[in-house]
Amino acid sequence: MSTSTRAAVLVESGRPAPYASSRPLEIMPLTLEAPGPGELLVRVRAAGLCHSDLSVIDGSRLRPLPMALGHEAAGEVVEAGQGAEFAPGDHVVLSFVPACGHCPRCVAGRPALCEPGAAANGNGTLLGGGLRFAAADGARPRHHLGVSAFSEYTVVSARSAVKIDPGLPFEIAALFGCAVLTGAGAAFYSAGVSPGDGVAVFGLGGVGLAALLAAKAAGAATLVAVDVVGAKLELARRLGATHTVAGGPDAVEAIREITGGGAEKVVDTTGVVPVLEQAYRATARGGTTVTVGLPDPSRELTLPALSLVAEERTLRGSYLGSCVPRRDVPRFVGMYRAGVLPVDALLSHRLTLDEVNEGFDRLHTGEAVRQVIVM
């Protein structure tokens with residue numbers, strides 16, 4: 001049986017801001033086909049706005065269109081297809097990499113690099129290759145990263161879902177699908193923050209502040225937060241940053257002075273190549289620089305190659321925080337409930353689905369930390 005839904009669909013990328021005027025996302029009625037084997041029909045209850053969505057809207061990351069956007073969400077299972085190990089009524093967080101569980105990367109314990117999952121995401125399909133959305137004019141909108149969270153209902157692979165405690169509010173649960181996995185995972189796993197480390201975080205959106213919270217939880221002794229927005233620096237201080245630095249040309253020298261020569265672990269969440277170059281220069285000899293932002297694919301990074309050897313540096317990319325969602329979503333939720341990861345502080349705005357374009361204006365200008373559409 002099919003399901004009717006309303007979804008925010010991107011038909012054309014590259015429309016200019018302000019998005020409240022150019023309206024790149026059109027709220028349209030769609031029909032959802034029933035879930036196939038290993039798939040779930042989910043009522044989306046909360047969906048976060050992320051720069052990864054914005055990069056599709058502004059055209060810096062090309063995806064097949066039309067596409068029902070959104071990739072950070074929590075909701076309730078309505079129907080489970082054959083073989084899906086979920087039941088109606090289960091509360092779930094949705095992950096934007098549907099890990100097949102069988103490819104070499106999944107078998108090696110690195111589901112963020114799942115090969116069939118990456119192929120499906122690039123094609124805008126579900127893990128099994130299908131499309132489930134249909135418009136009245138016969139168009140078949142694509143799935144964004146296997147989730148398409150900006151829709152009242154969505155069909156996902158069960159491999160995209162993680163069951164959670166039904167007592168967790170949906171608008172908080174949604175944050176664990178991207179912001180918390182990506183940011184906290186970058187600090188815990190990709191950077192390997194240890195007690196006593198000096199840590200710097202560039203970019204204080206939802207991902208950056210989640211990394212800051214995780215670095216604090218891991219025992220960082222010096223925790224430097226960097227951003228160009230004063231209100232975000234103030235929030236970082238409230239969340240445990242020992243120092244804050246205004247983003248700009250003087251940031252590297254400021255961090256090196258605070259940390260006595262550079263931070264052992266530096267996380268860049270901006271997706272801006274010159275900022276990543278700053279993050280590398282702000283890293284101590286023998287230290288690790290981790291980048292989680294998604295730059296424009298045409299941009300190239302220039303670094304002093306000798307420093308990688310002579311200073312035993314590590315430059316590491318981190319996708320999905322190098323996490324295993326079925327392990328780490330429950331782990332991070334437990335840390336939240338224990339007060340160790342107070343990620344509810346990241347939630348800056350609650351929106352309706354019809355306000356999604358205005359929400360991306362706030363994201364574009366840096367006004368918001370994490371906005372969540374509540375449905």
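Helix axes are lines fitted to C-alpha atoms over the stretch in contact, and angles run from 0 to 180 degrees between N-to-C directions. Helices (H or I, at least four residues) and strands (E, at least two) are DSSP runs, numbered from the N terminus. The model is predicted: local features need pLDDT of at least 70 and side-chain atom pairs count only at pLDDT 80 or more, whereas totals for chains, interfaces and linings use all residues. Residues are numbered from 1 along each chain as its sequence is written, and side-chain values use heavy atoms, with hydrogens and water left out.

Helix H6 (residues 179-190) packs with helix H12 (residues 325-337) at an angle of about 90 degrees, their axes being 11 Å apart. H6 is therefore roughly perpendicular to H12, a label that covers angles of 65 to 115 degrees. Contact means heavy atoms within 4.5 Å. On the H6 side the contact involves Val180, Leu181, Ala184, Gly185, Phe188 and Tyr189, and H12 contributes Pro325, Arg327, Asp328, Val329, Arg331, Phe332 and Met335.

Next comes a residue of strand E14 (residues 263-268), Val266. Is Val266 buried or exposed? With a relative accessible area of 0%, Val266 is buried; buried means under 20%, exposed over 50%, and partly exposed in between (1.4 Å probe, protein chains only). Leaving aside residues up to four places away in sequence, Val266 touches Ala200, Phe202, Ala279, Ala282, Thr283, Thr288, Thr289 and Val290. Between the C-alpha atoms of Val266 and Ala284, 18 residues apart along the chain, the separation is 9.0 Å.

The backbone also deserves a friendly look. Most residues other than glycine have a negative phi, and most peptide bonds are trans. A cis peptide bond, with omega about 5 degrees, joins Ala17 and Pro18; Pro18 belongs to the loop between strand E1 (3-10) and helix H1 (19-22). Another cis bond runs from Leu65 to Pro66, with omega near -5 degrees, and Pro66 sits in the loop between helix H2 (51-57) and strand E4 (67-68).

Positive phi values of about 50 degrees occur at Arg23 and Ser148, neither of which is a glycine. Arg23, in the loop between H1 and strand E2 (25-32), is partly exposed at 32% relative accessibility. Ser148, in the loop between strand E8 (142-143) and strand E9 (153-157), is buried at 0%.

Note on methods
Parallel < 35°, antiparallel > 145°, perpendicular 65-115°, else oblique.
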